[in-house]
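Please read them with the model open alongside.

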Amino acid sequence: MPVVAIVGGTQSIGRAVLEGIQERGTDTAIVLSRKYNKEIEQELGARLIAADYDDVTSLVKLLEENNVETVISGTNNFTGGGAEINLIRASELSSTTKRFIPSVWGCRYGPDKSDFPAAMPKIASEKELEKTSLQWTAVCIGFFLDYFGMPKVKSHLRPTTMVLDIVAAKAAIPGSGDVPGVFTYSQDVGKFVAALLTLPEWEKESYIIGEKLTWSECLRLAEDVRGTKFDVTYDSVELLKSGRVTELPGHVPDYEYYPKEQVQAIIAGFQLLFEEGYMDFKPKQTLNNLFPDIRAVSAKEMLEMGWKL
């Protein structure tokens with residue numbers, strides 16, 4: 001079977017993709033990580049290989065020795081995309097590697113987002129891919145539904161609060177709250193990516209549509225499932241553009257990792273994507289259409305799994 005290397009496959013979206021590939025069984029998955037850990041390897045049920053992302057030459061050797069045909073990046077490249085750039089360069093130099101999926105897992109960014117920290121490494125990776133002969137695709141999934149069902153639902157993502165604080169029954173709606181956006185469960189993403197690997201040719205964008213809803217609709221669903229009205233505020237576009245949002249109780253734990261101002265700016269930037277229509281995908285074709293056997297979890301189902309008594 002073709003060999004797929006998943007970068008960052010021990011956690012987050014990389015782990016969900018690994019599980020999707022293992023379930024489908026049409027490719028052999030190996031996982032690349034900065035450190036080898038036997039216990040984690042046994043837990044994953046896949047070979048875990050230590051990789052030096054700072055050394056392109058060693059990466060080329062690793063890819064060739066393991067006969068890797070496709071590299072899937074699940075790296076957290078928010079703090080800098082150097083590792084992914086080196087992986088792209090190594091994949092281009094590798095005699096066995098032909099395809100690459102960069103760490104997008106959201107939406108593709110336009111030139112107007114070139115100063116948005118979360119977009120910068122992703123834009124840089126796409127520019128690097130354009131220089132290569134690799135076949136590549138950006139997997140666009142919108143916003144992860146997992147956050148609506150945590151901690152009960154199966155997910156390898158780290159909990160994040162954005163717009164809806166379901167625990168506290170509070171919401172800070174960006175803009176009008178009436179611009180549609182796509183919401184998709186990470187486990188469904190893993191299944192669709194595994195199916196994507198079976199296609200002989202890829203488009204530059206591969207869309208997965210869990211469900212398309214407005215934030216106002218998400219709010220009503222959350223209120224219905226929890227059986228209570230939320231305390232709701234609306235953050236204006238002007239406020240979001242200033243890098244600020246209404247603080248929700250669920251934001252506070254993130255201050256342990258980043259300063260409050262930085263957390264606010266990150267959240268504001270992502271919420272602007274919804275109001276500006278970046279998440280309102282309108283593709284001619286989706287992976288849902290190509291693989292109708294895979295049924296995506298809806299927002300209502302996710303909320304019920306997480307919160308229905």
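Contact here means heavy atoms within 4.5 Å. The model is a predicted one.

1. Start with Asp 235, which is found in strand E14 (residues 231–235). Setting aside neighbours within four places in sequence, Asp 235 is in contact with Ala 172, Ile 173, Pro 174, Gly 175, Leu 240, Val 245, Thr 246 and Gln 271. With Thr 246 there is also a polar contact between the side chains, at 2.5 Å.

2. Which side chain of opposite charge is nearest to Asp 235? It is that of Arg 244, 9.0 Å away. A salt bridge needs a side-chain nitrogen of Lys or Arg within 4 Å of a carboxyl oxygen of Asp or Glu. Asp 235 has no salt bridge, although Asp 235 is buried.

3. Elsewhere, salt bridges do occur: the structure holds 16 of them. Side chains of opposite charge can pair when their charged atoms come close. One network of salt bridges links Arg 15, Glu 19, Glu 43 and Lys 154.

4. An α-helix has 3.6 residues a turn, so residues three or four places apart point the same way. Arg 15 has a relative accessible area of 10% and is buried. Glu 19 counts as buried too, at 17% relative accessibility.

5. Glu 19 also meets Lys 154 in a salt bridge, at 3.3 Å from N to O. Lys 154 sits in the loop between H6 and strand E9 (164–165) while Glu 19 is in helix H1, so this pair ties together parts that are 135 residues apart in sequence. Is Lys 154 buried or partly exposed? At 47% relative accessibility, Lys 154 counts as partly exposed.

6. Another salt bridge joins the side chains of Glu 128 and Arg 89, at 3.1 Å from N to O. This pair links distant parts of the chain, 39 residues apart: Glu 128 is in helix H5 (residues 120–130) and Arg 89 in helix H4 (residues 82–93). Glu 128 is buried, with a relative accessible area of 11%, whereas Arg 89 counts as partly exposed at 39% relative accessibility.

7. Now the sheets. An open sheet of 6 strands has the order E3-E2-E1-E4-E5-E6, with parallel pairing. Strand E3 (47–50) and strand E6 (135–136) are at the edges and have a single partner strand each, so one side of each lacks a neighbour in the sheet.

8. Strand E4 (residues 68–73) deserves a look within this sheet. Strand E1 (residues 3–7) pairs with E4 in the parallel sense over 5 bridges, and Val 3 stands opposite Val 68 in E4. E4 is joined to strand E5 (residues 99–101) by 3 bridges, and these two run parallel. Val 71 stands opposite Phe 100 in E5, and Thr 70 has Arg 99 as its bridge partner in E5. Of the 6 residues of E4, 5 are buried, so the strand is largely enclosed by the rest of the structure.

9. A further open sheet has 3 strands in the order E8-E11-E13, and its pairing is mixed. Its edge strands are strand E8 (143–144) and strand E13 (211–213), each of which pairs on one side only. E8 pairs with strand E11 (residues 181–184) in the parallel sense over 2 bridges. The bridge partner of Phe 143 in E11 is Phe 183.

10. What are the buried residues of helix H12 (residues 299–307)? They are Ala 299, Met 302, Leu 303, Gly 306 and Trp 307. Seen down the axis of H12, these buried residues fall within an arc of 100°, so they line one face of the helix. The cover over them includes helix H6 (146–149), E13 and helix H8 (215–226).

11. Helix H7 (residues 186–196) is mostly covered, with 10 of its 11 residues buried. Among the buried residues of H7 are Ser 186, Gln 187, Asp 188, Phe 192 and Leu 196.

Note on methods. Residues are numbered from 1 along each chain as its sequence is written. This is a predicted model: local features need pLDDT of at least 70, side-chain atom pairs count only at pLDDT 80 or more; totals for chains, interfaces and linings use all residues. Side-chain values use heavy atoms; hydrogens and water are left out. Two strands pair if DSSP finds at least two bridges between them. Helices (H or I, at least four residues) and strands (E, at least two) are DSSP runs, numbered from the N terminus. Buried means under 20% relative accessible area, exposed over 50%, partly exposed in between (1.4 Å probe, protein chains only). The arc is that of the directions from the helix axis to the C-beta atoms. Lys and Arg count as positive and Asp and Glu as negative; His and the chain ends are not counted. A polar contact is a pair of N or O atoms within 3.5 Å; within protein, one must be able to donate a hydrogen and the other to accept it, and residues adjacent in sequence count only if both atoms are side-chain atoms.
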